[in-house]
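Please keep the sequence and the structure at hand while reading.

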Amino acid sequence: MGEGYKDTPERGGRGQAGHVPVLLKEAIDFLNIRRGGTYIDATVGLGGHSYEIAKLLGAQGRLIAVDKDSAALNRAGVRLQVLGVREEQADWPSIELRHGSFAELASDRGQTTKDGVDGILADLGVSSFQLDDGQRGFSFQAEGPLDMRMNTRSGETAEQVVNRVDEVTLANLIYEFGEERRSRRIARAIVRSRPIRTTAQLADVVSAAARPMNQAERRIHPATRTFQALRIFVNRELDDLRELMKTAPQMLRPGGRLVVISFHSLEDRIVKDAMRDGAKQGVYRLLTKKPVTGSEEEIDRNPRARSAKLRAAERI
């Protein structure tokens, strides 16, 4: 793989010790956390945003931390417990860890959000914890099996999709979820190269089929959009996001806030349209007319913040 290529920018910084949540201050400010309230971190990751929320909730508060990735959820749980002990333990909120998609929250309102919540935060995309583990198959910069599932307990792997889906369907999903103009050429090359078992194999096949034509295209690896498309498809990310945006108003109390951080145009479009439609219907008051983006300082410190866009709305 070419030197200088960058992997898909997503949420979080490198490694747990150096984990830097994207747009942390902005997300916490827009949540406008009420002491003693109930909040959902719908994509807890390594717990960076959750920790900042917990610090402001107090002992009467409740934080529901959700993630599809059981390994990330477990690590976040340990981190939140350790940091909670380090803080004023008597003033630490109750923290509930929930394994699953945030799309399932509304269907489980009896246990999770019976009386409504005061805020929901969703930091979308794949985390540094997932990208850095080659065995998870998310990154073309770390060789490993083509898995890409956030929930490793269920669903098709990327390897199954790559090797079983017909050429037309494969081209369509690469175009739709990766916004890749050369999707047909890439799909044809993938089908001719089957079986493909590893991230390195797939990256090499895509790179050969979609060589960069100009300097602008050389800034990202030729396989970036294909890997993004497969990951989104395997994890039903856009379907889950649509479900969250549909059900969030039902979960939020009046005055409760929804804050979403997205990393590519497909996600941002869904969030923008849902919030604007809600505002037109008198459901939301928009808090961000335009998306909030990272400062130059944050981008220098954490390059993955370059693609981040934050939108927020308040339940009326």
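## Basis of the model

This is a predicted model, in which local features need pLDDT of at least 70 and side-chain atom pairs count only at pLDDT 80 or more, while totals for chains, interfaces and linings use all residues. Residues are numbered from 1 along each chain as its sequence is written, and side-chain values use heavy atoms, with hydrogens and water left out.

## Overall fold

The protein contains 12 helices and seven strands. These elements are DSSP runs numbered from the N terminus (helices: H or I, at least four residues; strands: E, at least two). Of the 316 residues, 57% are buried; buried means under 20% relative accessible area, exposed over 50%, and partly exposed in between, with a 1.4 Å probe and protein chains only.

Among contacts (heavy atoms within 4.5 Å) between residues at least 6 apart in sequence, 74% join residues at least 24 apart. The protein exposes about 14,400 Å², of which carbon and sulfur atoms supply 46%; accessible areas come from the Shrake-Rupley method with a 1.4 Å probe, and for residues only the protein chains shown count as cover.

## Backbone features

Most residues other than glycine have a negative phi, and most peptide bonds are trans. The peptide bond from Arg194 to Pro195 is cis, with omega near 0 degrees. Pro195 is placed in the loop between α7 (183–193) and α8 (199–209).

Met148 has a positive phi, near 75 degrees, and belongs to the loop between α4 (128–131) and α5 (158–164). Its relative accessible area is 0%, so Met148 is buried. Glu179, in the loop between α6 (167–178) and α7, also has a positive phi, near 50 degrees. With a relative accessible area of 34%, Glu179 is partly exposed.

## Nonpolar cores

In soluble globular proteins, nonpolar side chains tend to be buried together. A nonpolar core is here a set of buried Ala, Val, Leu, Ile, Met, Phe, Trp, Tyr and Cys residues joined through side-chain atoms within 4.5 Å. The largest one has 59 residues, and Ile120, Ile190, Leu202 and Leu258 have the most contacts inside it. Helix α10 (residues 237–251) gives the most to this core, with six residues. Another core, of 26 residues, lies apart from it and includes Ala27, Leu80, Leu83 and Phe263.

Leaving aside residues up to four places away in sequence, Leu202 touches Leu146, Val162, Ile190, Ile196, Phe227 and Leu230. Thr247 is in helix α10 and counts as buried because its relative accessibility is 5%. The side chain of Thr247 reaches the backbone oxygen of Glu243 at 2.8 Å.

## Cavities and a pocket

On a 1 Å grid over the protein atoms alone, a cavity is a set of points where a 1.4 Å probe fits but cannot get out, and a pocket is an open set with protein on both sides within 12 Å along at least five of seven lines; lining residues have an atom within 4 Å of a point. Grid points are joined across faces, edges and corners, and a volume is the space filled by probe spheres set on the points.

The structure holds four cavities of 30 Å³ or more, and the largest cavity has about 170 Å³ of space. Of its 16 lining residues, Thr43, Phe102, Gly125, Met150 and Glu237 are the closest to the centre. Helix α10 supplies the largest share of this lining, four residues. The second largest pocket has about 270 Å³ of space. Of its 15 lining residues, Lys68, Asn151, Ser154, Val234 and Asn235 are the closest to the centre. Helix α9 (residues 224–235) gives the largest share of that lining, three residues.

Conventions: A polar contact is a pair of N or O atoms within 3.5 Å; within protein, one must be able to donate a hydrogen and the other to accept it, and residues adjacent in sequence count only if both atoms are side-chain atoms.
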